[in-house]
Structures are given as structure tokens and as C-alpha cells.
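These are notes on the model shown below.

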There are 2 protein chains.
Amino acid sequence: MSNPVLLQNLKTLFNPHAVAVIGASENPDKLGFHVMKSLTTGRFKGTIVPVNPGAKSVMSLPAFSSMGDFPGEIGLAIVVLPAKLVPGIFQECSRKGVKGIVLISAGFREIDDSQGALLQSTLADLANKAGIPVIGPNTFGMVNLHIDLNASFTPEFSWLPKGGIALVSQSGGISHLMGFMAMRQNTGVSKIVGLGNRLNVDFPEMVTYLMGDPDTRVIALYLEGLDEPRRLMEAAKQTRFVKPVVAYKTGSSRTGNHASLSHTGSLAGRHEIYEGALRQSGVLYVDSAERLLDTARALALCPLPKGREVAILSGQAGPGMAASDVCEAEGMEIATFHPGTQRVINELLPPLALRTNPVDMGPAWYNASAIEGIIRAVMEDSDVDAILILMMFASANRAAVSGFSELLLKWKQQKPVVACLIAPPGIWDEEVRRLEEGGALINVPTPERAAKTVAALWQYEKMKRRNGGITPYPK
Amino acid sequence: MSNPVLLQNLKTLFNPHAVAVIGASENPDKLGFHVMKSLTTGRFKGTIVPVNPGAKSVMSLPAFSSMGDFPGEIGLAIVVLPAKLVPGIFQECSRKGVKGIVLISAGFREIDDSQGALLQSTLADLANKAGIPVIGPNTFGMVNLHIDLNASFTPEFSWLPKGGIALVSQSGGISHLMGFMAMRQNTGVSKIVGLGNRLNVDFPEMVTYLMGDPDTRVIALYLEGLDEPRRLMEAAKQTRFVKPVVAYKTGSSRTGNHASLSHTGSLAGRHEIYEGALRQSGVLYVDSAERLLDTARALALCPLPKGREVAILSGQAGPGMAASDVCEAEGMEIATFHPGTQRVINELLPPLALRTNPVDMGPAWYNASAIEGIIRAVMEDSDVDAILILMMFASANRAAVSGFSELLLKWKQQKPVVACLIAPPGIWDEEVRRLEEGGALINVPTPERAAKTVAALWQYEKMKRRNGGITPYPK
């Protein structure tokens with residue numbers, strides 16, 4: 001970020017003591033209502049300052065006619081007023097010494113009318129002069145889960161579990177999609193930030209800021225168009241593989257590219273060029289929102305594999321075969337076990353099983369200690385770099401997961417463990433949650449996705465080596 | 001099927017009045033326990049006949065020392081005894097006039113020992129001579145949801161909703177995976193059949209049988225190895241596109257191929273050749289279990305598009321772009337709306353929105369009738385062959401889905417409608433279920449999957465045209 005004041009103030013923007021809502025409302029037809037609901041129901045510990053000249057109070061909080069009337073300092077102002085009123089508000093923010101703005105209002109560079117672009121440029125001048133970083137305009141806002149700050153128009157974002165993934169997105173829709181996926185998969189998030197039209201806070205600024213954010217372990221980007229791809233490349237390179245950066249970019253299609261221009265005022269354009277450039281900067285590239293989340297989660301919660309040799313331990317043969325196919329297609333090798341490991345497995349499984357990799361542990365369903373013994377042998381096998389554990393529930397293997405839980409919980413992924421432990425609703429939910437929360441593994445919904453996820457870890461490790469990333473990945 | 005007696009008896013196998021369990025048990029460590037639990041808790045209306053020489057009763061049902069002691073006819077015998085006892089049981093079945101067998105026991109062609117193959121060959125001779133079709137050996141069994149018959153060792157399969165998808169699978173693991181996915185997505189199933197080692201009922205027999213099964217609208221196959229690919233091709237060709245056949249095959253990798261041999265006694269081998277051959281026979285080929293289910297569901301519940309022109313109506317721009325990219329990559333065209341349609345949309349949305357396809361209906365969140373008007377105009381547009389409706393929940397658009405529900409429910413997919421309506425758990429669940437159960441649309445978890453699913457419908461339609469499929473797809 002060229003402007004160190006903006007970067008400094010970005011810290012306050014995400015960690016304010018007092019938050020003003022300019023356009024706070026009790027009318028559910030106004031976004032100012034939803035923003036107030038997000039803040040008030042989100043357990044935020046700081047002061048909430050509704051600003052509305054026509055109200056004495058909003059949602060039982062004393063309201064102010066203007067920010068100037070509030071006696072204390074305001075770290076963050078969330079603005080939800082019509083576009084034409086925003087320049088005046090920016091001037092007021094500057095006078096009040098506000099440190100950061102989340103500008104939710106639309107009607108700027110993204111509209112057909114050139115007045116929109118002009119207005120946005122006026123705002124940028126005002127904000128830059130005052131040293132105020134601005135998230136938006138044309139955004140749902142942002143959420144900082146670790147301080148329970150929900151500065152968005154979606155109160156339900158406060159339901160998200162806290163964790164290490166920061167999602168920075170050019171689309172509110174993709175942010176919501178990924179947020180709801182994270183809720184359903186119990187995936188912990190640090191921040192979700194909707195960049196919108198990027199007045200003066202763009203992807204490079206966010207990457208630089210998040211590099212220094214102790215709550216963020218992985219930076220996930222959803223991109224459409226980029227005005228200055230080189231700046232993002234520079235920022236990504238600065239991460240030096242200390243924090244993984246993963247990106248999903250749309251706009252590869254003719255219509256998608258056109259849509260990007262209208263949506264956020266940037267051409268998606270030259271998709272392949274961006275893809276290559278981002279890869280060179282150490283950004284891991286993925287091709288769907290689902291994969292963006294799966295990959296970010298794996299990078300946040302698993303160690304990196306030291307090599308490409310994967311062990312596939314499956315409760316049934318079919319899922320093991322499906323995972324084998326995907327692993328090989330994605331550049332992993334199905335490990336040949338060390339002879340000692342193979343001997344242990346041969347002792348624990350009858351000859352009718354697939355005892356070489358991928359291992360079919362089916363015949364040991366009733367024998368929790370056999371399954372545990374196989375997993376232990378593979379953990380200790382220096383010829384194995386990563387482990388997939390796949391098991392589909394059947395009435396007869398109900399106890400299998402709890403049978404190997406303690407071993408995995410104690411081991412805490414000295415190698416990455418990606419699992420696909422799948423049962424009807426309500427059956428293994430508790431066991432899987434305990435394993436995930438104990439750092440024993442991550443669980444994904446299909447064997448194919450498990451294979452893609454472990455392969456993504458290896459792809460990141462390879463990229464890191466190729467680029468000479470030297471800083472050890474923080475455990 | 002070469003043997004018409006076997007095919008005739010297959011009908012009884014799937015629709016028996018009385019079912020015997022040879023090896024019924026009250027010991028949870030025996031599969032005979034789980035099979036009895038499946039039958040007794042699955043609401044099956046017929047007679048359940050536990051056979052166990054050492055028990056007077058099993059799970060409160062009178063038990064018999066042998067099938068011969070049961071006074072009535074037995075349509076189906078489920079066998080869960082050790083392999084070496086099975087030939088004797090087959091002879092008993094023949095004497096008793098049993099019409100079909102589900103042979104769950106393992107230890108036949110799939111084991112390293114040549115005795116296994118020999119035993120299987122002996123059983124095949126016995127069964128063929130008696131005209132008894134056999135599902136298995138080495139299988140979890142089968143389920144016929146429409147008569148509440150759970151002839152498997154997994155009682156939870158009875159939780160599945162009833163519907164039109166028949167899944168025939170060479171893997172118990174993949175069957176369970178897909179069954180649990182279907183439960184979570186409220187996807188209706190007619191039958192799940194685990195073929196195991198395919199004694200005398202193989203994929204071609206099942207395809208031929210299911211062609212005549214009134215409860216089945218779509219046949220989904222999970223394949224590993226095939227002994228006689230030509231026979232499956234012939235059977236698939238006979239379907240003449242009356243019932244779609246979709247297939248997912250693993251074993252493309254080196255290790256997967258080897259695993260297939262050990263798992264079910266067949267080499268997966270020559271993957272590409274099989275893929276091409278199946279396509280030529282009118283089988284739609286997919287590359288994951290998830291896609292097998294998504295595609296089968298779409299083919300069961302949506303009409304086929306008449307062309308490749310898709311309309312993408314999105315509540316937010318980003319998901320619309322993601323879907324556009326995937327649609328184009330998968331061979332769909334993003335439709336240019338008829339001028340009349342475009343005029344309606346331009347009247348209903350402000351200029352700041354993406355009003356051309358993909359349409360961003362974001363600015364109409366608060367205006368249910370505007371969203372309804374856009375959907376109606378696109379429905380009636382003869383330049384549109386299929387519709388995607390994508391909407392990520394935000395507090396402010398909570399009412400949007402119920403706002404367009406009546407229109408879609410009344411229209412009942414005169415063109416295919418694939419949706420991605422996604423909210424935090426508990427918010428839109430009821431609305432989405434009502435739309436799906438009313439035949440208004442199918443809902444999938446991501447915009448990318450929605451796009452792939454609608455593209456699969458078009459790929460099937462194209463294949464049908466290319467192959468001269470003439471029978472109209474039954475609505």
C-alpha cells in the first residue's frame with residue numbers, strides 16, 4: 001500500500017472501539033435497519049452509534065443527528081445513505097477524525113451513468129486526502145469474527161464459527177455463498193470483506209493488511225476484474241508463503257467478462273494472463289467457490305505434505321478407487337508402503353481385502369483396533385506424505401470412527417489428514433466435529449473432493465518450493 | 001438378458017410377498033442382525049421369515065430351522081452365511097422354489113484364493129439351472145423404496161425419500177455415499193442395488209429390468225470393471241432414450257485399475273474405450289459421484305431443454321458470472337433475450353443493474369413483483385431454452401423466494417429450471433422443499449453445480465438427437 005496512513009487506519013477500521021451507522025433505521029425496508037441488526041445482534045463489545053437526524057433512538061440505542069454530536073471518537077463509520085449524500089458524509093468523517101469507512105451504498109462507478117464514476121472519483125480524493133481507507137462502495141460490508149464485529153447488512157454472518165480464513169471478495173453473492181457453506185461445514189473464518197468498487201482499498205491493500213493480521217492464517221480471494229494486476233502480484237509476492245493466498249477468478253467466458261465490467265466497473269479480461277501472473281506470485285489458483293473454501297480450509301488446518309506420496313485408507317473399496325483416480329489426475333502418487341507397513345496391514349486384514357494402497361479396511365469394520373493399527377502404521381511410514389481416510393457409514397461400522405479418534409487426536413496431523421467420513425444426518429456429526437476441532441483432520445463431503453483437497457496442499461507446497469519460499473509454514 | 005426366466009424372476013426378487021433371511025441373528029456383530037433390522041424397521045408390508053436353526057425367534061418374529069419349514073412361498077431369500085455354506089443354501093432355495101436371492105456374503109471371486117472363483121462358478125451353475133437371479137455376492141444388498149423393502153445391511157437406507165432414481169452400483173461405499181447425499185438433498189430414489197461380484201445379474205440385466213420398472217425414471221450406474229462391455233452397450237441402446245442412463249466409472253488411474261481387479265474381480269481397464277463405447281450407446285458419462293446424483297436428479301425431475309440457450313437470473317452478480325463461465329465451458333450459450341423480454345427487464349430494473357443476461361436482480365430484492373415479472377418474461381421468451389435462478393440469502397432478500405414461488409409452482413418447469421437458492425441452515429429450507437416437491441425446480445448447492453447440471457440436460461438432449469432417440473421423454 002503506497003499510503004502508510006491508510007494501512008495504519010485499516011487496523012482501526014477492522015478493530016474499532018466505536019462504530020457509527022450513518023443512515024441507521026428501524027424500517028426493515030432500509031439497509032440501515034439490517035446493518036443495525038447485524039451490529040446489535042452480533043455481540044460486538046464496542047459502542048454502536050446510530051446516526052439519523054430524524055430519530056431519537058434506533059433499536060433502543062440513543063441516536064445522533066450527526067457524527068459530530070457524538071462526544072467520543074469514532075473508529076469506523078458504516079454509510080448506507082443514497083449516493084448523492086455520501087460526499088457530505090465523507091467531509092463530516094474527515095472533520096470527526098473517523099479512521100475508516102464501510103460504504104455500503106451503490107450508485108457509483110458500477111452504473112451506466114458517467115456521473116457515478118465522477119462521484120466515486122470525488123469520494124476517492126476526499127478519502128485519500130483524509131487518509132481514510134474505504135471498504136466499498138457497492139458492498140454488503142465486512143465482518144471481523146474475532147471481535148464479533150458484523151459491519152454488514154447480513155446479521156446471519158455472526159453465526160459463522162471463528163477461525164483462520166479471511167475471505168476477500170469482489171462479489172457479495174459469492175461472499176454469502178461461501179459464508180453459508182462455511183457455516184454448514186463448521187469452517188472457521190476470521191474476516192469476510194466485500195470490496196465492491198474498491199474506492200481506495202483493493203486486493204493488494206487487503207493482502208498486505210491481512211499479512212499482519214494475527215487472526216488470519218489463509219487469505220482467500222474471489223476476483224472478477226482487476227485494474228492493476230501488477231500491484232496484486234507484488235503484494236502476493238510479499239507474503240513469501242508465510243500465509244497462503246488462494247484465488248478463484250470468474251470472467252473467463254465472453255458474457256462473464258462483460259458482466260464484470262457492469263458489475264464492479266472492471267473488465268475481467270485476459271483471464272489466462274491473470275491466472276499465470278497470479279501463479280507466478282505464489283497464489284494458488286482454483287476453479288470454483290467450493291474449491292476455494294475446501295483449499296483455504298486445508299491450508300488453514302493441515303500441515304503441508306513433504307512429498308506427493310498419498311496413502312488412501314478406505315472403509316470401502318469404491319471410494320478408495322474414486323480418490324485414487326483423482327489423486328493421480330491431480331499430480332499425487334499413490335504411495336507404495338514401506339515393507340514394514342505392508343506387513344502390519346497384511347497381518348491386520350484378511351487376504352480377501354485390498355491390502356495394498358488404496359487399502360480397503362472393509363473387513364475390519366468390526367475390529368476397531370485393526371483399523372487403528374493400520375492408520376498408525378501408515379502414520380509412521382516415512383514413505384507416506386499425506387493420508388486420506390474415507391469411510392461411508394453402514395450400520396455395522398458405526399463404532400469405527402470413535403475407534404480411531406483418540407489416535408488421530410493425539411497425533412494432531414503430523415502429516416496432513418483429509419477425511420471423508422459420511423453418514424446419514426445426526427449419526428457421526430459429533431465424532432467428526434470432535435476430530436475437526438481437535439485438529440486431527442478436516443472432513444469433506446465426497447472422496448473426490450477429499451482427493452482434490454489433499455492434492456491442493458501438495459500443489460501449494462510445490463509452488464512454494466519452486467518460488468523459493470523459505471519461511472516455514474506456521475503450525 | 002439371455003434368460004427370460006431370470007428376468008421374470010427379477011420382478012419377484014424386487015417385489016416379494018415373503019422374504020427369508022438365511023442367517024438371521026440377534027447378535028449385532030453379525031450382518032444377519034443388521035439385515036433383520038433393515039427389514040423390520042423399514043415398514044415392509046410382506047412377511048419376514050428369519051431362518052436360523054438355533055433360534056425360536058429373531059427380533060420377536062418366529063424363526064425357522066430351514067426355509068422348508070416355512071409353510072408359504074418365499075419370493076426373496078437374503079443370504080448372510082459364510083461362503084462355504086452357500087451352495088447348500090442355493091440347493092435349498094431351488095427346492096423351495098425361491099424366485100430370487102440377495103447374496104450378501106463375501107469370499108468368492110474377489111479373494112486371492114482360486115477357491116473363491118471356483119465356489120462362485122458353482123453357485124452360478126446352481127442359480128442358472130434353477131432360474132434364480134442373484135444380486136451379489138459380496139454386496140450390501142438392495143433397497144426397493146417404493147414397497148419399503150430394505151434388503152440391505154444398512155437400516156438407514158429406509159430414511160431415503162421415494163422417487164425416480166435407480167442407482168445400480170459395483171461399490172457399496174459409493175452406494176452409501178450417494179444414498180446419504182440423496183437424504184441430505186431430499187432426492188427421491190426408487191432402488192439402490194449393489195451388484196457386488198455379479199453372479200448372474202450384471203449391469204445389462206439391471207438396465208433391462210429397470211427399463212420396465214414403472215417406479216424408475218432414470219438409471220444411474222456406478223461402474224468399476226466390466227467383463228462384457230458389449231452386453232451393457234446393447235442393453236443401454238435398447239433404452240432408446242425412453243429412460244436416461246447416466247454412468248460414473250472409476251478405475252482410470254493405474255492404482256484404481258489394479259484395485260478394481262481385487263475389489264470385484266474385474267479389471268477396470270481401457271477406461272477411455274469404455275467411456276467412448278458407453279457414450280455411443282446413449283449413456284451420459286459423468287466424472288464424480290456428486291455429478292452422478294445431480295445429473296440423475298435433473299433428468300428425473302426436469303424436462304429436457306430444446307436448445308442450448310440458457311437464461312441466468314441471479315440475485316447477485318458474482319454467482320451469475322460464475323454460472324456463465326461454467327455454462328459456456330460446458331457448451332451452453334448465454335441467451336440473448338428477445339427484445340420484448342429485454343424491454344420488460346429494463347422496465348423492472350434500474351440502469352445500475354446488469355439487465356442483460358446474466359441478469360443481476362439485486363436491485364429488486366425489495367420488490368418481489370419485479371423479480372416475478374423478470375422470471376415470467378424469461379419463461380415466455382422463445383429464445384430461452386433453460387433457466388438458472390441463483391439467489392444467495394441476505395437479510396434484505398428473505399422474502400424474495402416466496403415472492404416468486406407461486407409463479408414457478410404453477411408453471412411446473414415448461415422449461416428446465418435449475419436453482420441455487422442458498423441460505424444459512426433453517427431459513428429457506430421450507431420454501432425450497434415446497435418448490436422442489438411441487439416440481440417447480442431442482443435446487444443445488446453452488447452456482448457452478450447448477451450450471452453443470454443444466455448443461456448435463458443439454459448434453460443428454462444433444463446425444464439423444466444425435467442417436468436418433470425418438471421416444472418422447474416422459475413428463
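What is the order of the strands in the open sheet of five strands of chain A?

1. The order is 2-1-5-6-7, and the pairing in this open sheet of chain A is parallel. Strand 2 (47–51) and strand 7 of chain A are the edge strands; each has a single partner strand, so one side of each is left without a neighbour in the sheet. Strands here, like helices, are DSSP runs numbered from the N terminus (E, at least two residues, for strands; H or I, at least four residues, for helices). Two strands are taken as paired if DSSP finds at least two bridges between them.

2. On conventions: this is a predicted model, in which local features need pLDDT of at least 70 and side-chain atom pairs count only at pLDDT 80 or more, while totals for chains, interfaces and linings use all residues. Residues are numbered from 1 along each chain as its sequence is written, chains are lettered from A and ligands numbered from 1 in the order in which they are written, and side-chain values use heavy atoms, with hydrogens and water left out.

3. A:Val19 has A:Leu76 of strand 5 as its bridge partner.

4. Chain B has an open sheet of seven strands with mixed pairing, in the order 9-8-11-10-12-13-14. Its edges are strand 9 (149–152) and strand 14 (283–286) of chain B, each of which pairs on one side only. From one strand to the next the twist averages 20°. For angles, axes are lines fitted to C-alpha atoms, for helices over the stretch in contact, and values run from 0 to 180 degrees between N-to-C directions.

5. Strand 10 (residues 162–169) and strand 11 (residues 189–194) of chain B run parallel and are joined by six bridges. B:Val168 is bridged to B:Val193 of strand 11. Helix 5 (residues 172–184) of chain B packs on this sheet and touches strand 10, strand 11 and strand 12 (218–223) of chain B; the direction of the helix makes about 165° with that of strand 10. Contact here means heavy atoms within 4.5 Å.

6. In chain A, the axes of helix 12 (residues 339–348) and helix 13 (residues 368–379) come within 9 Å and cross at roughly 175°. The two helices are therefore roughly antiparallel to each other (over 145 degrees; under 35 is roughly parallel, 65 to 115 roughly perpendicular and the rest oblique). Helix 12 contributes A:Thr341, A:Val344, A:Ile345 and A:Leu348 to the contact, and helix 13 contributes A:Ala370, A:Gly373, A:Ile374, A:Ala377 and A:Val378. By class, these are seven nonpolar, two polar and no charged residues. The classes are nonpolar for Ala, Val, Leu, Ile, Met, Phe, Trp, Tyr, Cys and Pro, charged for Asp, Glu, Lys and Arg, and polar for the others, Gly among them.

7. The largest pocket holds about 1,600 Å³ of space. Its lining has 44 residues, and A:Arg184, A:Gln185, B:Arg184, B:Gln185 and B:Pro445 lie nearest its centre. The lining divides into 22 nonpolar, eight polar and 14 charged residues. Pockets and cavities are found on a 1 Å grid over the protein atoms alone: a cavity is a set of points where a 1.4 Å probe fits but cannot get out, a pocket is an open set with protein on both sides within 12 Å along at least five of seven lines, and lining residues have an atom within 4 Å of a point. Grid points are joined across faces, edges and corners, and a volume is the space filled by probe spheres set on the points.

8. There are five cavities of 30 Å³ or more. The largest cavity has a volume of about 50 Å³. Helix 5 of chain A gives the most to its lining, with three residues; the lining has eight nonpolar, one polar and no charged residues. For the second largest cavity the volume is about 50 Å³, and the largest share of its lining, three residues, comes from helix 5 of chain B.

9. Some backbone details in chain A deserve a look. The peptide bond from A:Gly136 to A:Pro137 is cis, with omega near 5°, and A:Pro137 lies in the loop between strand 7 (134–135) and strand 8 (141–144). A:Asn357 and A:Pro358 are also joined by a cis peptide bond, with omega about -5°. A:Asn186, although not a glycine, has a positive phi of about 50°; its place is in the loop between helix 5 and strand 11 of chain A.
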